[in-house]
Amino acid sequence: MKLYTSLTSPYGRKARVMLAEKRIDFELVQTDVWDPNSELLKFNPLGKVPCLVLDDGNALYDSPVILDYLDSVTPVGHLIPETTRPRIQVKRWEALADGVLDAAIAIVLEKKRAPQLQSADWIARQSGKIERGLKVMSDELGDTAWCTGHSFNLSDIVVGCALMYLEFRFAAVNWRKDYPNLGQLTDKLAKRNSFKNTVPPAS
């Protein structure tokens, strides 16, 4: 299988971490989503990453769909619970982390516009989503070791990728001061090989 993604995409990083944790072989195809001639468009009409192309040529997108599929590829080491209530709890964390990422990326894109075209209200709205999302993450994590359950799972992958993206793109925002438990979780996740080997390049 092939994974089309950018090395700086936090959504793509989620897939790469899952692939590493599940020990699934794949080919990484680095992709520029802004290239109108990108091969990605053959597989994902939305032109978004990540996109997973299976050996039979079928393509999967977006990241929640890809992560669900990858967890089902091998019968052992499931990172998404099979029973309904724990599964929904994990997927709820995924939605929250993705919402924080969506808001963060919206700010990054807005700040790439010419200064006179940027909307301070839009940036403030997205910043509010991030701030509220972080507070809920911190409150619900509390003093537990993992986001849900008693062991590492998908909820930790998605939260880790979101928090590490904030450090990557918003280094001036010291969320660790207000939410030390999130900082401790991030530091613990950063020690796993799956996260070590998917650190985005400086850009």
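## Helix packing and the sheet

Pro10, Tyr11 and Lys14 in α1 meet Glu94, Asp98, Leu101, Asp102 and Ile105 in α3, where contact means heavy atoms within 4.5 Å. By class, this contact of α1 with α3 holds four nonpolar, no polar and four charged residues; Ala, Val, Leu, Ile, Met, Phe, Trp, Tyr, Cys and Pro count as nonpolar, Asp, Glu, Lys and Arg as charged, and the others, Gly among them, as polar. Helix α1 spans residues 10-22 and helix α3 residues 84-110; they pack at an angle of about 145°, with axes 10 Å apart. Axes are lines fitted to C-alpha atoms, for helices over the stretch in contact, and angles run from 0 to 180 degrees between N-to-C directions. Helices (H or I, at least four residues) and strands (E, at least two) are DSSP runs, numbered from the N terminus.

The model is predicted: local features need pLDDT of at least 70, side-chain atom pairs count only at pLDDT 80 or more, and totals for chains, interfaces and linings use all residues. Residues are numbered from 1 along each chain as its sequence is written, and side-chain values use heavy atoms, with hydrogens and water left out.

Four strands form an open sheet of mixed pairing, in the order β2-β1-β3-β4; two strands pair if DSSP finds at least two bridges between them. The edge strands, β2 and β4 (59-60), each pair on one side only. Helix α1 packs on this sheet and touches β1 and β2, its direction making about 150° with that of β1. Strands β1 (residues 2-5) and β2 (residues 27-30) run parallel and are joined by four bridges, with lysine 2 opposite glutamate 27 in β2. Together, β1, α1 and β2 make a right-handed β-α-β unit; right-handed means that, with the strands pointing away from the viewer, the path from the first strand over the helix to the second runs clockwise.

Strand β3 (residues 51-53) pairs with β4 in the antiparallel sense over two bridges, and leucine 52 stands opposite leucine 60 in β4. Helix α2 (residues 63-73) lies across β3 and β4, running at about 40° to β3.

## Pockets and cavity

On a 1 Å grid over the protein atoms alone, a cavity is a set of points where a 1.4 Å probe fits but cannot get out, and a pocket is an open set with protein on both sides within 12 Å along at least five of seven lines; lining residues have an atom within 4 Å of a point. Grid points are joined across faces, edges and corners, and a volume is the space filled by probe spheres set on the points.

| Space | Volume | Largest contributor to the lining |
|---|---|---|
| Largest pocket | about 640 Å³ | α3, five residues |
| Second largest pocket | about 160 Å³ | α4 (residues 120-141), four residues |
| Largest cavity | about 50 Å³ | α5, four residues |

The largest pocket is lined by 23 residues, of which Ser9, Tyr11, Val33, Val49 and Ile105 lie nearest its centre. Helices α1, α3 and α5 (154-169) each supply at least two residues of this lining, which comprises ten nonpolar, six polar and seven charged residues.

Residues lining the second largest pocket include Ile107, Ser127, Glu131, Phe170 and Trp175. By class, that lining has seven nonpolar, one polar and one charged residues.

The count comes to one cavity of 30 Å³ or more. Among the residues lining the largest cavity are Ser9, Pro10, Arg13, Cys161, Phe168 and Pro200, and the elements giving two or more residues to this lining are α1 and α5.
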